[in-house]
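Biologist: Before we discuss individual residues, may I see the sequence and the structure?

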Amino acid sequence: MAPGSPPGPAIAAMKLNERSLAFYATCDAPVDNAGFLYKKGGRHAAYHRRWFVLRGNMLFYFEDAASREPVGVIILEGCTVELVEAAEEFAFAVRFAGTRARTYVLAAESQAAMEGWVKALSRASFDYLRLVVRELEQQLAAVRGGGGMALPQPQSLPSVPAPVPALPLPLPRRPSALPPKENGCAVWSTEATFRPGPEPPPPPPRRRASAPHGPLDVAPFARLHECYGQEIRALRGQWLSSRVQP
Amino acid sequence: MSCALRPLASRPSVNGDGGREGAVQVPVPREAMRYNEKELQALSRQPAEMAAELGMRGPKKGSVLKRRLVKLVVNFLFYFRTDEAEPVGALLLERCRVIREEPGAFSISFIEDPERKYHFECSSEEQCQEWMEALRRASYEFMRRSLVFYRNEIRKVTGKDPLEQFGISEEARFQLSGLQA
């Protein structure tokens with residue numbers, strides 16, 4: 001670079017599928033939280049009243065409740081949420097780790113709204129959801145394998161997002177009512193394969209025939225037959241009752 | 001300020017013309033949606049569910065296949081030049097469809113524009129299958145459905161709501177009604 005010339009452009013901004021994000025923000029599905037919040041523009045800037053919509057781990061904000069396009073989005077993964085001392089009442093902050101990370105200071109319009117937002121945002125991460133799902137997977141496997149025993153003691157879930165695990169456990173193969181087709185037909189990832197309704201219930205997830213070294217491992221056939229029979233009766237009962245719905 | 005392209009049909013009508021249907025793209029002089037790029041970059045450095053070098057081709061006509069390090073972290077797919085630490089880009093995987101293209105290859109597109117495809121070429125059929133499975137399960141919305149499913153199944157077997165122990169049984173995001181999408 002020649003001396004005296006203006007500094008070259010920084011590395012090109014990262015690409016992001018913003019259009020898809022905007023559609024995700026405004027799609028018809030129920031949102032996880034919505035409402036007006038005041039957002040501080042910058043460290044010494046004024047607050048702007050914006051319409052906020054929380055969906056998954058994305059916090060979108062709009063000019064107002066009728067806007068079709070978000071002004072922006074705060075990707076919440078890895079954040080912590082805390083109350084702050086601020087000139088504004090009902091203020092709280094969304095903080096990220098890192099030396100030059102930005103802190104978003106937001107203010108609600110009431111104590112109840114503030115508490116609702118703090119709770120919703122602190123549980124918004126994908127990571128937190130995944131932890132809960134894994135816990136429930138284990139519980140379900142335990143109650144099925146044990147033939148209806150009491151729930152095992154739950155491990156305490158963190159109330160703030162835990163650090164990302166290095167190697168997540170693989171989720172078991174999920175049951176699908178519609179197996180993916182090989183001729184290029186799509187299987188929508190948002191397809192509600194778990195939706196209750198007038199369809200056959202999904203087959204139970206594939207799993208080991210019995211827990212290794214568990215009580216059924218060396219059980220006589222009659223006992224295995226009874227255990228699986230109970231499960232089949234229960235599934236059939238669910239399916240029948242779900243069919244009764246108009 | 002950068003311009004963003006939107007199909008006419010999805011925008012409110014301009015000049016009161018009622019909005020025309022069609023795929024004509026018109027530049028809209030408005031600010032691009034803001035997002036916290038630094039945090040997204042930090043996320044790209046987190047341990048990945050899956051990472052591999054794949055061939056990748058963007059959705060624009062005439063895009064060429066490029067080698068990219070592709071990394072799946074939570075509900076984002078990051079892609080890097082193979083020798084760089086910062087990602088070229090990221091795809092949020094909500095409302096996406098993952099379909100097989102030719103053998104060993106798949107594409108990702110999004111519900112609102114199914115013809116706009118990001119193509120990926122794998123080194124084997126096995127790898128292709130692995131990635132397709134992982135990407136289909138990678139959305140927050142899929143994870144949420146899984147939670148509701150397991151919650152209901154446990155409730156049916158035990159009669160108890162497993163989320164009560166964690167104090168989150170009333171969370172709006174975990175209710176069955178949330179599946180109306």
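Modeller: This is a predicted model. We may begin with Glu171(B), whose relative accessibility is 11%.

Biologist: Does Glu171(B) count as buried or exposed?

Modeller: The cut-off for a buried residue is a relative accessible area under 20%. Glu171(B) has a relative accessibility of 11%, so the residue counts as buried.

Biologist: With which residue does Glu171(B) form a salt bridge?

Modeller: The closest N and O atoms of the pair are 2.4 Å apart.

Biologist: Why does the pair of Arg123(A) and Glu171(B) join two chains?

Modeller: Arg123(A) is placed in the loop between helix 2 (111-122) and helix 3 of chain A. Glu171(B) is found in the segment after helix 3 (140-158) of chain B, so the two chains joined are A and B.

Biologist: Which residues of chain B are in contact with Leu140(A), leaving aside its neighbours within four places in sequence?

Modeller: Leu140(A) belongs to helix 3 (residues 126-145) of chain A. Its relative accessible area is 4%, so Leu140(A) is buried. Leaving aside its neighbours within four places in sequence, Leu140(A) has contacts with Tyr150(B), Glu153(B) and Ile154(B).

Biologist: Which residue forms a salt bridge with Glu82(A), and in which strand does that partner lie?

Modeller: Glu82(A) is in strand 6 (residues 80-83) of chain A, and the pair links distant parts of the chain, 13 residues apart. The closest N and O atoms of the salt bridge are 2.7 Å apart. The partner of Glu82(A) is Arg95(A), which lies in strand 7 (residues 91-95) of chain A.

Biologist: Are Glu82(A) and Arg95(A) buried or partly exposed?

Modeller: Glu82(A) has a relative accessible area of 30% and is therefore partly exposed. Arg95(A) also stands at 30% relative accessibility, so Arg95(A) counts as partly exposed.

Biologist: How far apart are the closest N and O atoms in the salt bridge of Asp161(B) and Arg155(B)?

Modeller: Asp161(B), at 9% relative accessibility, counts as buried, whereas Arg155(B), with a relative accessible area of 33%, is partly exposed. A salt bridge requires the nitrogen and oxygen to be within 4 Å. The closest N and O atoms of Asp161(B) and Arg155(B) meet this cut-off at 3.8 Å.

Biologist: Which residues do salt bridges that share partners join into one network?

Modeller: The structure has 17 salt bridges over all chains. Those that share partners join into one network Asp32(A), Glu141(B) and Arg144(B).

Biologist: Which residues form a positive surface patch?

Modeller: One member, Arg116(B), sits in strand 10 (residues 113-121) of chain B. Arg116(B) has 30% relative accessibility and so counts as partly exposed. The residues of the positive surface patch are Lys15(A), Lys60(B), Lys66(B) and Arg116(B).

Biologist: In what order do the elements of chain B run from the N terminus on?

Modeller: Chain B contains 3 helices and 10 strands. From the N terminus on, their order is β-β-β-α-β-β-β-β-β-β-β-α-α.

Biologist: What percentage of the accessible surface of chain B belongs to carbon and sulfur atoms?

Modeller: Of the 181 residues in chain B, 51% are buried. Among contacts in chain B with a separation of 6 or more, 40% are between residues 24 or more positions apart. The accessible surface of chain B is about 8,600 Å², and the share belonging to carbon and sulfur atoms is 49%.

Definitions and conventions: Residues numbered from 1 in each chain as written. Chains lettered and ligands numbered in written order. Predicted model: local features only at pLDDT ≥ 70, side-chain atom pairs only at ≥ 80, totals over all residues. Heavy atoms only, no water. Patch = residues over 30% accessible without salt bridge, like charges linked within 9 Å, V, L, I, M, F, W, Y side chains within 5 Å. Areas by Shrake-Rupley, 256 points an atom, 1.4 Å probe, with all protein chains shown as cover. Salt bridge = Lys/Arg side-chain N within 4 Å of Asp/Glu carboxyl O. Lys, Arg positive; Asp, Glu negative; His and termini not counted. Charge placed at Lys NZ, Arg CZ, Asp CG, Glu CD. Helix = DSSP H or I, 4+ residues; strand = E, 2+ residues; numbered from the N terminus. Buried < 20%, exposed > 50% of the residue type's maximum accessible area, 1.4 Å probe, protein only. Contact = heavy atoms within 4.5 Å.
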